[in-house]
Amino acid sequence: MYSRFFKRPIDIAVAAAALLCLSPVLAAVAVWLHFANKGAGAFFSQLRPGRGGRIFRLYKFKTMTDERDEHGQLLPDAARLTRAGRLVRSTSLDELPQLWNVLRGDMSLIGPRPLLPEYLPLYSPEQAHRHDVRPGITGWAQCHGRNALSWKRKFELDVWYVRHLSFATDCRIVALTIGSVLRREGISGEGHATSEPFNGRN
């Protein structure tokens, strides 16, 4: 009953209130990143699959420059991640523009993180159940290790959430997420500035 009748109204109310209250913070971070990113802009958008695999455009604060090598290829993530971007990522401020996605109905406050469209055909039938619900700004996997987890473990946690979705579970995730953000845990995968790409086997 919670997922069918109450989760979406709660998402709308909380996202609208958060956008209103945090608007000065959003503006300040946008201005800061505009200069820190060396002309690359303050916002990043990318197509992601949502519930049922429906594609939507996700918005985040941009934490990297667009610097390229002599062949015109983007430099590795670690080389493009700025000091300001690293701080914004470690405090999860980069996720705040997704409150707009929540208002639009693309996302929920809580759910499996929306990944890349090219991963869709790589999921096992079990892993594909992560798309049975709206993706979230935070989720069960994010408060159990974030990018430090293996892909296999992330998907196990995502599917667990889908099968145990409840108001109590969402409240627990909120509390655990606050703790993870304060401790700045699991920001990067081992040996990567962000996270290792999923190839269907890792």
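# Getting to know this chain

Let's start just past helix 1, where Lys-38 takes a positive phi of about 55°. Helices here are DSSP runs of H or I with at least four residues, strands are runs of E with at least two, and both are numbered from the N terminus. What you're looking at is a predicted model, where local features need pLDDT of at least 70 and side-chain atom pairs count only at pLDDT 80 or more, while totals for chains, interfaces and linings use all residues. Residues are numbered from 1 along each chain as its sequence is written, and side-chain values use heavy atoms, with hydrogens and water left out.

**The whole chain**

- There are six helices and four strands in the chain, and from the N terminus on they run α-β-β-α-α-α-β-β-α-α.
- The radius of gyration, taken over C-alpha atoms, is 17 Å, close to the 17 Å that the globule rule gives for 202 residues, so the chain is as compact as a globular protein of that length. That rule is 2.2 Å times the number of residues to the power 0.38.
- Along the principal axes, the C-alpha atoms fill a box of roughly 55 × 40 × 30 Å.
- Of the 202 residues, 46% count as buried; that label means under 20% relative accessible area, with exposed meaning over 50% and partly exposed in between (1.4 Å probe, protein chains only).
- Among contacts (heavy atoms within 4.5 Å) with a separation of 6 or more, 69% are between residues 24 or more positions apart.

**Helix 1, the bent one**

- Helix 1 covers residues 2-36, and a straight helix of 35 residues would span 51 Å at 1.5 Å a residue, yet this one spans only 42 Å between its end C-alpha atoms. The expected span is 1.5 Å times one less than the number of residues.
- At Leu-22 the helix bends by about 60°, and a proline, Pro-24, follows within four residues. The bend is the angle between axes fitted to the seven residues ending at a residue and the seven starting there.
- Buried residues of helix 1 include Tyr-2, Asp-11, Leu-26 and Leu-33.

**The hairpin**

- Strand 1 (residues 43-49) and strand 2 (residues 55-61) pair in the antiparallel sense over seven bridges; to pair, two strands need at least two bridges found by DSSP.
- In strand 2, Phe-56 is the bridge partner of Arg-48, and Leu-58 is the bridge partner of Gln-46.
- Five residues sit between the two strands, and Gly-52 in this hairpin takes a positive phi near 70°.
- Further along, Met-64 lies in the loop between strand 2 and helix 2 (77-80). Met-64 counts as buried because its relative accessibility is 13%.
- Met-64 and Arg-54 are ten residues apart along the chain, with their C-alpha atoms separated by 27 Å.

**Helices 5 and 6**

- Helix 5 (residues 151-163) has 13 residues that should span 18 Å at 1.5 Å a residue, which agrees with the 19 Å between its end C-alpha atoms.
- Its buried residues, among them Trp-151, Phe-155 and Val-162, pack against helix 1, strand 3 (108-110) and helix 6 (167-183).
- Thr-169 has its place in helix 6 and is buried, with a relative accessible area of 10%.
- Leaving aside residues up to four places away in sequence, Thr-169 touches Trp-160, Tyr-161 and His-164.
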